[in-house]
Amino acid sequence: MLSLVAQSPSPVDTNVAVSIRDVSKWFGAFQVLENINLEVRVGERIVIAGPSGSGKSTMIRCLNGLERHQKGKILVNGTELSENRKKIDTVRKEVGMVFQHFNLFPHLTILENCTLAPMWVKNADRRQAEGIAAYFLEKVRIADQAHKYPGQLSGGQQQRVAIARALCMKPKVLLFDEPTSALDPEMVREVLDTMVSLAKDGMTMLCVTHEMGFARQVADRVIFMDGGQIIEENTPSEFFANPQHERAKAFLSQIIH
Amino acid sequence: MIDLLSNYGVIILRGFLWTIILVTGGFAIGSVFGAVLAILLVSKQKLLNWLARSYVELIRNTPFLIQAMLLFALFGIMRMRLEPLLVGLIAIAIYSAAYMAEIIRGGLASVSDGQREGARALAIGPFLEFRLIILPQLLPFVLPASVNLLATLCKESAFLAGVSVAELTFSGQVVITQTFLVFEVWAVIGALYLVLVLSVMAAAKRLEKKMTWLIPGR
């Protein structure tokens, strides 16, 4: 229903954070994304669920140009993602990403991980960058580890640092690509708590996750993908109580015991 | 011995200096060429990839002396009269490029794709990505291996005497034909190689200890 509203001719709508229109993508002969349409409003929290290989990671990786789409249009904060490097970098400055395997830089301290991009990409001076980093490290409750190296922290701590690192660029949108899938079970909670608090602050978030509790708690919409298509899109309460599609039903019965 | 050194020391020293020049010069050129080859080795362009791979395997799996002799013969066939020292330098460059290519390729592979994606997601461009993220993680891997290569080159370069390049071993042969002091001359030459290789190793140790110069902004 929301995607119908999105058909308005004006390409730059300041209330729209992400707009995906008829996007398709192939890996060789294999089609990973098939006519994806999705509109995300500013401040909206979207959870993307679906079996592995359904294209959900590929879809959010297209949103900051880590993957290129071959058909259709993607606009992020009004900037269209194309082959143009400048445009890709414009988008990347405004879109933070949190990866499954954290991807922290092991040769840099926690603080340096957080100040690197603000200093080198946004030309912030060191004092300014360290101030911002301290603020966000405090926010993810890890400020006391600022001078350690990533390898000295637990997985959950590393993932919280990765979230802080993304926040230091003051992004307008945050993408999460299975942020808790590589964590030991006892560390999932601390990362989810951090994500919940971000959601409460009004951050626009797109989360690929299997954490259905998180989806219930914070998502405005759940997107269910299978075979490279969005096959169901609903509020979490409706999606969990009353899934429409057979494949969604099968998926939910497998994931919720 | 003192007679030997006072009368022929200059010849030996000149050979020693040429060995240092040939090895460092050849290694420097080879490293640049090797870096290009390494990029081709990881490239998705099938033909370029195959060409680079063939080059590396050809050089790494044949004796250096044979390569040097072939190179001299090749210039001969082409009727190019080049200074033997220059041909020696080219031979070392060709040889070290193949090994450097493998070393750098291994270093590149040791930095995971996640690191590159982490950098890209933060809008860090290709140049800064290499300087800030890849290089500092690559060098601790590449540096010790290339020092080993440099030490090997110091020793392998002795084969260039076989194609009359006036380096250290060749100067030894020259002195022996004039003095017939076979054992003494080779002992001096051997000692000079030892000094050279140990100096390379010592310099590398100091460089490795202080890798912090690699970390941006420290």
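Student: How many salt bridges does the rule find across the interface of chain A and chain B?

Tutor: The rule finds 1 salt bridge across the interface of chain A and chain B, a salt bridge being a side-chain nitrogen of Lys or Arg within 4 Å of a carboxyl oxygen of Asp or Glu. Arg61(A) forms a salt bridge with Glu117(B), and their closest N and O atoms are 2.7 Å apart. This is a predicted model, in which local features need pLDDT of at least 70 and side-chain atom pairs count only at pLDDT 80 or more, while totals for chains, interfaces and linings use all residues. Side-chain values use heavy atoms, with hydrogens and water left out, and residues are numbered from 1 along each chain as its sequence is written.

In contact (heavy atoms within 4.5 Å) are 26 residues of chain A and 20 residues of chain B. By class, the side of chain A that touches chain B has 14 nonpolar, 4 polar and 8 charged residues; here Ala, Val, Leu, Ile, Met, Phe, Trp, Tyr, Cys and Pro count as nonpolar, Asp, Glu, Lys and Arg as charged, and the others, Gly among them, as polar.

The buried area, that is, the accessible area (1.4 Å probe) that two parts lose on being put together, summed over both, is about 2,000 Å² between chain A and chain B. Carbon and sulfur atoms give 63% of that area. Of the area that chain A buries against chain B, Phe105(A), His107(A) and Trp120(A) supply 29%, more than any other three residues.

How values were computed: Chains are lettered from A and ligands numbered from 1 in the order in which they are written.
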